[in-house]
Amino acid sequence: TRDWSSDVCSSDLRYESRTYYIGVLQMRKSISKAEREAVYVVADGKCEITGEELKQGFHIDHIKPVAAGGANDVSNYQAATPEANLKKSSKYVKPFALRDWQERLQVDFEKKRKSRYLVNAIPGTGKTFAALNLVKRHLKEFPDAKVVVVVPTINLKTQWRDAARDKFFNIEFHTSEFYGAIKDGFQGVCVTYQEVGSKGSGHVFKRLCSKYSPLFVIFDEVHHVGDQLSWGSAVINSFEDADKKLLMTGTPFRSDSYKIPFVDYVDDLCRPDFSYDYPEAIRDGCLRIINFDFYDGNFEWRYKDKFESATFTDTVSEEIAKQRLKASIDIGSAWLKTIIVKADEHLGQIRQTHSDAGGLIIASNQFHAKVIAAYMRETLHEDPVVVVSEEKDSSEMIDTFKKSSKKWIVAVRMVSEGIDI
């Protein structure tokens with residue numbers, strides 16, 4: 001898989017950029033106390049590069065280097081620790097080239113010019129960057145237009161903001177709690193489906209559709225929304241008048257009978273406007289081949305004063321299958337403990353050649369996650385990151401794991417499609 005962030009200029013170009021940057025330093029205006037305080041408040045007292053707590057003497061960094069054309073005012077400032085700022089330096093990252101499927105999407109999207117357009121692309125192939133490219137071209141055509149990105153989780157809000165900011169799309173999204181006005185200096189706002197569905201929000205977003213016409217709305221992982229459910233109804237009422245609606249998913253269906261808003265159906269099947277599937281992604285080198293290791297076992301449990309037993313290969317009723325799964329993942333199960341140990345051994349082998357490889361365990365609930373983590377600490381001497389939706393700092397913990405060298409993360413509902421770890 002291509003690492004877009006590693007596309008740095010050659011040493012010659014980097015040296016030329018640095019030389020110019022030093023020359024510009026002499027012409028910089030001093031940063032006022034008010035500007036410094038404003039940057040600190042917006043950063044919530046944390047380094048906007050690493051997420052660390054800021055201490056006295058923190059640096060004010062240019063988000064986009066002055067040498068690369070970045071503005072020399074507060075709109076282009078971010079708070080950073082001295083170490084993070086100096087490490088960043090003035091290295092200039094070149095805009096990445098679109099992948100072939102992203103270019104084909106761009107051509108098709110602009111040719112059809114539909115008010116609602118569904119993209120079905122396999123996870124991990126670059127849907128976010130493909131969408132941001134379309135947004136950038138839209139803003140070039142309509143400089144005063146605005147963008148709304150709707151996502152399932154808070155963590156995805158910051159991912160969209162960082163992708164738009166750091167990958168030289170030069171788009172700035174507002175991600176704090178949204179009260180109705182897109183602030184100056186921002187091209188758009190990132191909100192969750194829950195925020196759209198909160199009381200009174202429908203009128204706010206409906207007004208945005210007329211105020212900022214042509215409004216471009218992106219619905220990320222749109223399969224989370226059903227048309228007859230609360231989020232779905234809110235999405236329809238809020239954005240039915242939006243000029244451009246780009247719907248993004250890697251699974252264009254729901255397990256229930258509800259339909260996805262703004263999507264065309266034929267014989268009850270969703271019909272995407274553009275698809276990019278797994279075989280194509282493998283052929284193009286966008287994804288690795290995925291291996292599924294299968295482990296069986298004989299499970300025994302008690303249900304309503306009766307002892308039951310079954311293996312995964314046994315044909316059983318739906319009710320028994322649920323009980324079998326529950327028995328298999330119980331932390332008291334020797335089977336689960338064996339699987340955890342084997343997985344850790346396999347991950348250790350992989351890390352001999354890929355030192356930053358990591359492992360993910362999906363737990364059924366908060367108690368389950370914490371008991372699994374305790375077992376790993378006691379048996380494997382590994383202290384995994386535990387992320388559950390009930391904790392306020394769960395998004396920060398995911399980001400910390402992403403930047404750390406820890407081997408394992410145990411999650412409940414927080415690491416799903418679209419989350420970058």
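Predicted model: local features only at pLDDT ≥ 70, side-chain atom pairs only at ≥ 80, totals over all residues.
Strands (E, at least two residues) and helices (H or I, at least four) are DSSP runs, numbered from the N terminus.

Residues are numbered from 1 along each chain as its sequence is written, and side-chain values use heavy atoms, with hydrogens and water left out.

**The β14 sheet**

I looked up who pairs with whom; two strands pair if DSSP finds at least two bridges between them. Three strands make an open sheet, ordered β14-β16-β15, with parallel pairing. β14 (359-362) and β15 (385-388) are at the edges with a single partner strand each, so one side of each has no neighbour in the sheet. From one strand to the next, the twist averages 20 degrees.

Four bridges join β14 to β16, and Ile-362 sits opposite Ala-411 in β16. I found four bridges between β15 and β16 (residues 408-412) too, with Val-387 opposite Ala-411. Helix α13 (residues 366-379) packs on this sheet and touches β14, β15 and β16; its direction makes about 165 degrees with that of β16. Contact means heavy atoms within 4.5 Å. Axes are lines fitted to C-alpha atoms, for helices over the stretch in contact, and angles run from 0 to 180 degrees between N-to-C directions.

**The seven-strand sheet**

Next I traced an open sheet of seven strands, in the order β5-β6-β4-β7-β8-β3-β11, with parallel pairing. Its edge strands, β5 (173-174) and β11 (274-276), each pair on one side only. Inside it, β4 (residues 147-151) and β6 (residues 188-192) share five bridges, and Val-147 stands opposite Gly-188. Helix α9 (residues 230-239) packs on the sheet and touches β4, β7 (216-219) and β8 (244-249).

**Two helices**

How do α4 and α5 cross? The axes of α4 (residues 100-112) and α5 (residues 127-141) come within 10 Å and cross at roughly 40 degrees. Among the residues that meet, I spotted Trp-101 and Phe-109 in α4, and Phe-129 and Leu-134 in α5.
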